[in-house]
Amino acid sequence: MSKVTIMDHPLIQHKIGIMRVKTTSTKEFRDLVSEVAMLICYEATRELPLADIEIETPLMKTTVKEIAGKKLCIVPILRAGLHMADGILNLIPNAKVGHVGLYRNEETLEPVEYFCKLPADSGDREIFVVDPMLATGGSAIAAINLLKKRGISKIHFLCLIAAPEGVKKFTEAHPDVDIFIGALDERLNDKGYILPGLGDAGDRIYGTK
């Protein structure tokens with residue numbers, strides 16, 4: 001079953017609290033998305049495999065640790081996931097980046113795919129799919145379906161805010177994918193928005209509403 005990790009770090013909770021305020025500016029909201037994503041990623045990478053390598057310090061040779069294998073790939077779900085990816089790249093600048101484009105049909109609430117572009121060696125990497133909101137779970141499930149169809153198996157999902165309904169649906173659909181959540185909220189409203197939430201993350205990031 002999926003391991004669901006809900007962040008309890010004071011910095012994450014403080015920054016998400018600011019993001020929830022409706023008068024928080026577009027610039028500040030955008031910066032906070034990147035900052036919180038970086039902090040969540042710090043926790044999500046805790047169990048990455050390590051390998052020993054020999055290096056030379058200014059004083060002597062020694063053995064140090066490095067991340068084993070082909071490292072990481074960040075896959076934001078467009079468009080709101082892009083600023084989460086920016087924050088993670090500040091922490092892991094050598095990570096590769098793929099993109100999955102999905103939008104939610106406002107009548108059916110189901111995801112519609114319009115774009116998927118991944119690095120050629122994604123199957124050899126630890127994949128971190130990122131999207132600010134896990135609401136109904138539809139978009140996240142669809143994005144990971146796309147990755148699995150391409151033979152990718154080492155997948156993790158990171159989000160800022162989640163609803164219990166979305167977490168349940170996600171873990172049932174992808175019990176092999178661990179989830180890292182900034183804050184678990186109360187519920188969804190009848191339009192599929194998270195309550196208390198923070199509004200539409202994409203609109204608040206880009207100032208489009």
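A polar contact is a pair of N or O atoms within 3.5 Å; within protein, one must be able to donate a hydrogen and the other to accept it, and residues adjacent in sequence count only if both atoms are side-chain atoms. These legends describe a predicted model, in which local features need pLDDT of at least 70 and side-chain atom pairs count only at pLDDT 80 or more, while totals for chains, interfaces and linings use all residues. Residues are numbered from 1 along each chain as its sequence is written, and side-chain values use heavy atoms, with hydrogens and water left out.

**View 1. Asp203 and its partner Thr208.** Asp203 sits in helix 6 (residues 201–206); helices (H or I, at least four residues) and strands (E, at least two) are DSSP runs, numbered from the N terminus. Its side chain makes a polar contact with the side chain of Thr208, at 2.6 Å. Asp203 counts as buried because its relative accessible area is 11%; buried means under 20%, exposed over 50% and partly exposed in between (1.4 Å probe, protein chains only). Arg79 is 124 residues away along the chain, yet the C-alpha atoms of Asp203 and Arg79 are separated by 9.7 Å.

**View 2. The buried residues of helix 3.** Take a look at helix 3 (residues 82–91), where His83, Met84, Ala85, Gly87 and Ile88 are buried. Their cover includes helix 2 (26–44), strand 4 (72–78), strand 8 (126–130), strand 10 and helix 6; contact here means heavy atoms within 4.5 Å.

**View 3. The two sides of helix 5.** Gly166, Val167, Phe170 and Thr171 are buried in helix 5 (residues 164–173). Seen down the axis of helix 5, these buried residues fall within an arc of 125°, so they line one face of the helix; the arc is that of the directions from the helix axis to the C-beta atoms. On the other side, Lys168 and Glu172 are exposed. Among the elements covering the buried residues of helix 5 are strand 1, helix 4 (138–149) and strand 11 (178–184).

**View 4. Thr136 in the loop between strand 9 and helix 4.** With a relative accessible area of 17%, Thr136 is buried. Its side chain reaches the backbone nitrogen of Gly138 at 3.3 Å.

**View 5. Val4 in strand 1.** Strand 1 covers residues 4–6. At 34% relative accessibility, Val4 counts as partly exposed.
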